[in-house]
Amino acid sequence: MAAIAQPTAPLASTTHTPMPATEQTWRNLKLLHVVFAASAVALLVATVFMLTGDHNRPWKKYAREFRELETWNAQSRIDEQDSKAYETRRDELEAALGEARRADLDGDLARAFIAEVRTVAEDAQAADRAELDIDQLQSQQDADQRLVIRGDLLARLRDIVKRTKFREDNIAGALKLRRAELDKNRADYELAVAEEAPADRQAALLGVADSKRQQVADANLAFQAANTHRKKLETLLGQMTRAEDEAAKAVADHRGKLAQLQKTLAQREPNAGKSLLELPVLEAFNSPIRVDQIWLPQLTLNNNFRDVARFDRCTTCHRGMDKSMPGAPSEPGYPEAQTVQLTLATPAARPEQKAGDGNDQLDAAYGLRLAARGLFDAADPTVSVVVPESAAAVAGLQPGDVIEAVDGGKTLARNVAVTSLLETPAWGKPLVLTVRRGVPQPYSTHPRLDLFVSDSSPHPMKNFGCTICHQGQGSATSFKWASHTPNSPKQAHEWHDEHGWFNNHHWIYPMLPERFEESSCLKCHHQVVDLEPSEKFPEPPAPQLVEGYHLIRQYGCYGCHEINGWAGPEKRIGPDMRVEPTFHEVAEALASDPGLVAMGDTFGRWVSDVRSGPDSRESRSRLRDAIERDAAAGADAKLSSRSHQLAAVLKDPETPGTFPKVGPSLRHVASKVGFDWLYSWLRNPQEFRPSTKMPRFFGLWSHLEGKQLEESKRYEPLEIRSMVHYLTESSAPFDYVKPFDGITAAPDAARGRKVVQLRGCLACHQHEDFPEATSTHGPNLSRIGGKASSLPQGKQWLYSWLREPSRYHPKTIMPNVLLEPVTLADGTVSDPAADATEYLMGSGRDWKPAADWSVETLAGETSFPMASAGSMTAEERTALDELALMYLKERFTVVRAEQVLATGVGDGSSIQGDERMLVGLDGADRDRRLLTYVGKKTINKLACYSCHDIPGFEDGKPAGAALADWGRKDPSRIAFEQVSHFVTHQLAGGHGEHAEHGHGQHGGADAASGHGPEETLAPELAYKSAHDEAHIDPETLDPDTGYFVQKLLGHEREGFLWQKLRAPRSYDYKKAENKTYNERYRMPQFPFNQEQREAVMTFVLGLVAEPPAPQYVHTPAPREQARLDGLVVAEQYNCGGCHQLRMDRWDIRYTPESLGEPPAFADYPFLSPHFTPEQVAGSLATDRQGRRKATLVGMPTLDPLTGRPQLVDEDGVPIEDGDAESVVHRPFALWQDALVDGAPRTVGGQNLLVPQDALSAGHHYPGWGGDLARLLYPVVIADEKQVNPNVKPDDAWGWLPPPLVGEGKKVQSAWLHKFLLNPHPIRPPAVLRMPKFHFDSAKAAALVNYFAAVDGAEYPYVYDPRLDDASVAAAEQAHPGHLEGALKIVTNNNYCVKCHLVGDYTPAGSVKALAPQLQRVHERLRPDYVHGWIANPKRFLPYTGMPVNIPYNQPVSQDLYHGTSEQQVDALTDLLMHFDAFAKKNLSLEAFLRQQPPPAQPGPAVPSQPAAQPRAAAVPGSTPLSSANSPAPAAALN
Amino acid sequence: MHSNGFFLKDVAGFLGGYYSCIAIMNGIAALILWRKKGQVGWALAWTALAVAMMVLASLALSGSPGMVPALPASVRSLVNSLSGPMLYTLGTFALLTVLFVFRSFFVKPMVAWGILNAMLVLMGLSMADENFAAIVMKPDNVPIVGLVFLLAFFTWLATKQAVVNDDRIARGLPTVEKENDEKVLVWPDLVYTELICMVAVMAFLLVWAIFLPAPLEEPASSVKTPNPSKAPWYFLGLQEMLVYFDPWYAGVVLPSLVVFGLMAMPYLDFNKKGNGYYSIEERKFSYLTYQFGFFVLWITLIILGTFLRGPNWNFFGPFEYWTPYKVEVLNNVDLPQMFWVNLLDQPLPKAPAGASGLVQAGYVLLREAPGLLVMGAYLLLLPPLLAVTIFRGFFAKLGFVRYMVMANLMLLMLTLPIKMILRWTLNLKYIISIPEISLNF
């Protein structure tokens, strides 16, 4: 405003005399200069500030530091290489080289060489000279002189070769030129032809080309001659110098490793040029330290409006992420820092004192050296060299280890460490070292290189980057902007202080905290079971996620919360967990439709088919058509309108759900349990069964107070009562199973106990009488008697259930264990099912529901009385009326609703739906009608039908929020309500100790325990406003609770989910006041503990419905897919409860030769183990500690008395309890050939005795399954001992469910499929039968394919020429009497028939010694397996009692079969694989025909007879085969 | 409200520096007053304040979150519970009126300095409140805070010069500008200072950019609008108008009128006084009209929109947590509803079904008659009425056309505060509401 420039005033005029006024400036110029200077300085400072800021960006510091780490590491490796051993070896090699050089040259070769040289005239002179040298060499005696001459001669010869090569190259050059010319001439000619040039011109051109062709041919000849000549010379020279060349190569190789390391080091070390480029300002141009980024154009990042390429710059700081140990691609090169305790043996006496830094003494005493300066802290005593197999190496020290303490004394500096190691130890006694190993973040390597990051893993870093799994801001280059997520409030605090971490709400994909990092796997691994440990990845890839998946499967979360993995029939977006269609429920409903009879028999058959037949697609579609037709008939319809409604459910869904409802069917519940039990169960399922998976719906009042609490107290008992009423009322009649006829023994609980123990119940169920059975697959049976006796028919029900579970519940996973009558020793016949019923009825029979049940509320405790089945009190009646009115008001106006309640709905003709139940409400059974109505409404409200089959709810829809993309749910759309106040109250106030009320033994691990209220309050950090009366600081809680509380207070998904699983109804805290009773939250409380909750959360948070590009989604190969499909079924039906499906695996590290000598080996060549030379070399390699590695797959031998793994001493003698002297060994039965000390140890060989230290130095990967077999092992041995004191423990395995490892290669797919659907007895001595599962053919097929896929066997169709008749015919031709001979072996008393049932022949002796029926082998086993099995059974089943009948090269008597042992094995295989055909050949129908009146009926007489029958009647032939009747299997089961 | 618990620790460092700056500022002021002006009393007063600020600074820097000086929670709750758009708007109007009436007092340097200090201290104390800080320290909002102080400063500067001039004119002296009417040089007085400004601003921007990097928010999403969804800061005044008016009026008509009005100003201004110098007394009408339009109807609404409008465009007290769950009653009614239903107790006139377009239009006009009458009276009757009463002199000087333009511009400007007050008091939604043709007023 003041600075008005005058336009006429001259500007700094030089020509005019300045006017006096212009001399005077408006402002003080001096001051302006000062201000200008100051502002210029300010700008300079700001600029410098900016440049410094850039220079000091944290990632640059990390990059420099990491370079130092790598340099240090390289230097340490060089030091380790550059040791005395290295020098010794180098000297040896060099000496060998000198030796080789001194050796005589082969004179003949030299002469041959000269002769060859002479074939070329130009080299004649050179040949002469060389010849002279040869002569000289031969005549010279002096060794030194000879060496010189020899050198000269070789140089000369090499020179000749060189010259020859030179000439050859010249010729080759000329040849090339000629060829080019020829090409040109040819082209000229062809062009001329194309242009239709005159004939003479064409002929001339052709002539030129021909002459050129001749030239080329000549040149080619010359070249070939030269080439042959040179090669010949080279070969001869090579032969002369071979020894020398090899020695020279050995020296070069030896030096090469070190040289390579030195080269690497030189590359890594910063030099002057690099340092210059890294200077501030200059670094902007071409700094060696750069941002490292992975560009992933396919793995896009969803930015809402478009998907953009992902840039991951994480490795800018995390530079060591992909570095592996040299030679071990999946072992982290820079493991994350941890502290380990090591025991270091000291020498007997103090080592000799030497001057210097102590390294020489350390080397001498322990074989270790300490670096001059530490890595991250210069003072750290850091191990730089560990001499292999030295004391330090044996102790397990590694280069890079920082010795933090020696025998508890801190070693804070290098010299202190040296003193502690060299001055103070008690010599001869071991030292305990505390060692810090590994590097801190961000330098450390990914811990699972086998799965991630490394190039050999399934997720190489260059293809996957980092953030696709971890999430976070990949393009960030600083800690806080990368959206790291802390795992606990404490970590958040530390990060905040250290890195300025903050919770960046704007980045919508924050990094997953450590506790949920497995969530991301779900993006691509939609099947989830592929994340279970497998043979390829024995270390569980995502244990927590898989646990969550299984919990969701077991607890049936998907019943209410649909997890739809499909966004359309073709597009998979995530895991798919949905309830399977309820076809059978609809069929059940139809079965009780009054119009069923009128619909006719065929309709009835379709209904029963859909109801219980596992494969009923055809019947279903017909059924649906029929119902729809009936519905179209209008007034003439025979079925009820409800049935018509249900027809829609029978439709084929696009992508049907595959998971069953987890709860049992309640359709016939009135025939199973009584009022009291059901009431108590609904009130609180844990009251009856503390371990139940059923959640709790009632009495969840800990967040309620005042009027709302009163409401709950009034209504909930009535709700329970009405539900019981509805369930009982609507229950359909049940047809109990009739007991067997001819049972003569009375049911006996003692026998029943044995049945429960031995017949497979314990594979799935627990029972307090058998504490060693721990499976939670089925319910705990300890109190089953109390439940069953709640109804007079309970016992009958239990018997029916044991006999035929699917009769009561067609979809049950409980199999039919095929309990059949058994003849007892005293000749009476008993019914095992009745015995078991008797026993189970006695289990917990006295259990009665508590009369009063106390429930925790906000105000304290309140009690919840038991209702009596009889009449209701006036108070109850009022409450019931109120409840009914609430529902009626939803349907009618208030006035009408009240009217309906008072007088009913009249004739109800105009009313659809549940209200029809209220017809005739004014009658005498008003209570009953109201209860049914309210009961149905309550069941609908609580969505009981999500887990159970309940009449009237066949078409129920999932009641909860769908979860398919919950992991991305916008937190602002989640209703947190007032829950944070509730939790704060609970944790800070007096409610903490009740937080987990009702969780029984599960909830113990939780949260608030251990923290008093005063601890939970942190006044110094908390700003207390008037509104926050209880503010709690999450940091003061335990890390898990703290984490979730923090997330809850911050209104983040994790917090919501945590509390929802912990106390789902607590979201009504101070909220219920504004809701009606029926609007309150309905989710029940599941009995999860903290770990289980986190597991479930890991899964749910992983549901993001964001599949990456298809090529990244895990799409298994067909074989792998078959494995996964089978896995799902096997898990669902708990195959692993009985059978071992995967053997245990031990990766042991043993001292060489400590596992004993390999056994002498003479077996059939086709059975010999095969290992590659690399594998053999690998098994001979020793590590720094001097140990070798081996992988053992098999079973530890169990103690026959206790069933626990056996501990033996080095001689295999079991160690008794309290024996501390013996060296503990564990015997193993191998199930897979292993390499030990370079030699194979085979399956079926002697048990391997493995020292305990080899096991503990290695790693154990647990197997899967076989629990029942292990559980029963000592039991069956003890039982057998009463009959046969000399029982062999190994035999017992043969009576138990067999391991199914190798099953795919063993059995034929078609047989297994049939067997799974309808099992028959195989092994006579087995104590329990394979049960019959009520599943469909597809599930059986999935299992069959699973076994084949796991074993790499052919499936689903198998062709083996040996199954072909032609192959037998050929064999018969080549060796007449092939099968007859084999049959002689079979029937010889020394061989097969000694134990095996064959046809109708049953060997004498104990049933325990019997072996499977050979007649059926041909349909059951694969030829290869039979062939190998006959040759050496133990190679396939280590525990088998079957001996090697035909040892290799020791054929059995030639009288039986003339031929070698191999031929005999082949013959037996052929016989067994063609037993059927062979037997049929001897069948004659004459006997039948003779019995019949001759002319009566033509044609075969026995078409309707079962196939076995004619054989039974057939007579001819002397073989005992003629009649085949399998022995009654049940008789064997005593 | 639910932070990671680091808030007070984080803000403590900033506040320490902040209070130290105030202390240094006051120290320098005291030094100048003592050495240059010899005003020992004032010098002592500011020194005392400086010491007090040093105490606050050390409390803040003590590292203990409990020690950070803050407004008592009761005061904060009181402020929160009192604040609302009505109090805010009317309050600022009242405050500006007081400042205007007593301008000769407030422009005294020592008073102004005191006010500045009070503002700064109040701001510092408020910053210890997490909810307040969360909004004020948002990198986007920091310039708006600067705007408050800059506006205050320049208003003070201009007012002070006007007060001095008015005083001089009253005493018959020439204005300050006239007295110091000297010519100055382009170099160095103009160009050199510009250069210095360039350098200083550059340095300032660098430092600002380093300490307060540009905020990066989440990618825009078509399925999730940010809540609150705010216009750029300079449009927040317009956005606030949307609360009271139909979008076409608040978003189209009014802004056009603002531009049109500004363009018309030279033609409407007949007052030759006040050219080239500051004066209030000589141009009271223009001054007040402008200040009202600029301060009350533009700037305060920007500040309201920036700092006090939270999720769902609800009004939040300065110390209130911006919860998206806050709900306000929005049952506003139209004038026809008030007139026909509430006053006359009869249904709104509605054309019978199947009536022709013309009949329907007639019914609409009947329905909207009260509103149309009111608006007609306001825009057509009021100007002549004013012309014969308080604006008699204006009408004489401007002539009919210019007078009507001025009067209507004035009246249209006043529709904003009038509508605001009607909304707050009567819950009036629209005076005229013809949704049939999307015409609401």
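This report walks through the cores, helices, sheets, cysteines and loops of a predicted model.

## Before you start

Local features here need pLDDT of at least 70 and side-chain atom pairs count only at pLDDT 80 or more, while totals for chains, interfaces and linings use all residues. Residues are numbered from 1 along each chain as its sequence is written, chains are lettered from A and ligands numbered from 1 in the order in which they are written, and side-chain values use heavy atoms, with hydrogens and water left out.

## The nonpolar cores

A nonpolar core is a set of buried Ala, Val, Leu, Ile, Met, Phe, Trp, Tyr and Cys residues joined through side-chain atoms within 4.5 Å. Buried means under 20% relative accessible area, exposed means over 50%, and partly exposed lies in between (1.4 Å probe, protein chains only). The largest such core has 194 residues, and Ile552(A) and Phe1099(A) have the most contacts inside it. Its top contributor is helix H43 of chain A (residues 1267-1281), which gives eight residues. Helices (H or I, at least four residues) and strands (E, at least two) are DSSP runs, numbered from the N terminus.

If you click on Phe1099(A), look for its contacts (heavy atoms within 4.5 Å). Leaving aside neighbours within four places in sequence, Phe1099(A) touches Leu522(A), Val528(A), Leu545(A), Gly548(A), Tyr549(A), Ile552(A), Ile563(A), Pro575(A) and Met577(A). A second, separate core of 81 residues includes Ala250(B), Ile303(B), Leu411(B) and Ile434(B).

Helix H31 of chain A (residues 874-891) has 18 residues and reaches 26 Å from its first C-alpha to its last, close to the 26 Å expected at 1.5 Å a residue. That expected span is 1.5 Å times one less than the number of residues. Among the buried residues of H31(A) are Glu876(A), Asp881(A), Met886(A) and Tyr887(A). The buried residues of H31(A) pack against helices H25 (706-730), H32 (894-903) and H33 (926-942) of chain A.

Helix H36 of chain A (residues 1039-1049) is largely enclosed by the rest of the structure, because nine of its 11 residues are buried. These include Thr1041(A), Tyr1043(A), Phe1044(A), Gln1046(A) and Lys1047(A). Their packing partners are helices H17 (489-499), H34 (979-988), H37 (1053-1062) and H38 (1090-1101) of chain A. Just after H36(A), His1051(A) takes a positive phi of about 55°.

Two strands pair if DSSP finds at least two bridges between them. In chain A, four strands form an open sheet in the order E5-E10-E8-E9, with antiparallel pairing. Strands E5 (338-344) and E9 (409-410) of chain A stand at the edges with a single partner strand each, so one side of each has no neighbour in the sheet.

E5(A) and strand E10 of chain A (residues 431-437) run antiparallel and are joined by seven bridges. Leu344(A) has Leu431(A) in E10(A) as its bridge partner. Helix H14 of chain A (residues 414-422) lies across E5, E8 (402-406), E9 and E10 of chain A, at about 55° to E8(A). Such angles run from 0 to 180 degrees between N-to-C directions, with axes being lines fitted to C-alpha atoms, for helices over the stretch in contact.

## A five-stranded sheet

Another open sheet of chain A has five strands in the order E23-E20-E19-E18-E24, again with antiparallel pairing. The twist averages 40° from one strand to the next.

Strands E18 (residues 1144-1150) and E19 (residues 1188-1196) of chain A pair in the antiparallel sense over seven bridges. Here Tyr1150(A) stands opposite Arg1188(A), and Asp1147(A) has Thr1191(A) as its bridge partner. Seven of the nine residues of E19(A) are buried, so this strand is largely enclosed by the rest of the structure. Three bridges join E19(A) to strand E20 of chain A (residues 1225-1230), where Gly1194(A) is partnered by Leu1230(A).

## Cysteines

A search of the whole structure finds zero disulfides over all chains, a disulfide being a pair of cysteine sulfur atoms within 2.5 Å. For Cys521(A), the nearest cysteine sulfur is that of Cys469(A), 6.7 Å away. Cys521(A) is buried, with a relative accessible area of 16%. The sulfur of Cys947(A) is 6.1 Å from the closest cysteine sulfur, in Cys560(A), which is too far for a bond.

## Two loop residues

Asp142(A) sits in the loop between helices H6 (124-139) and H7 (143-194) of chain A and is partly exposed at 38% relative accessible area. Pro1376(A), in the loop between helices H48 (1365-1374) and H49 (1378-1387) of chain A, counts as exposed at 65% relative accessibility.
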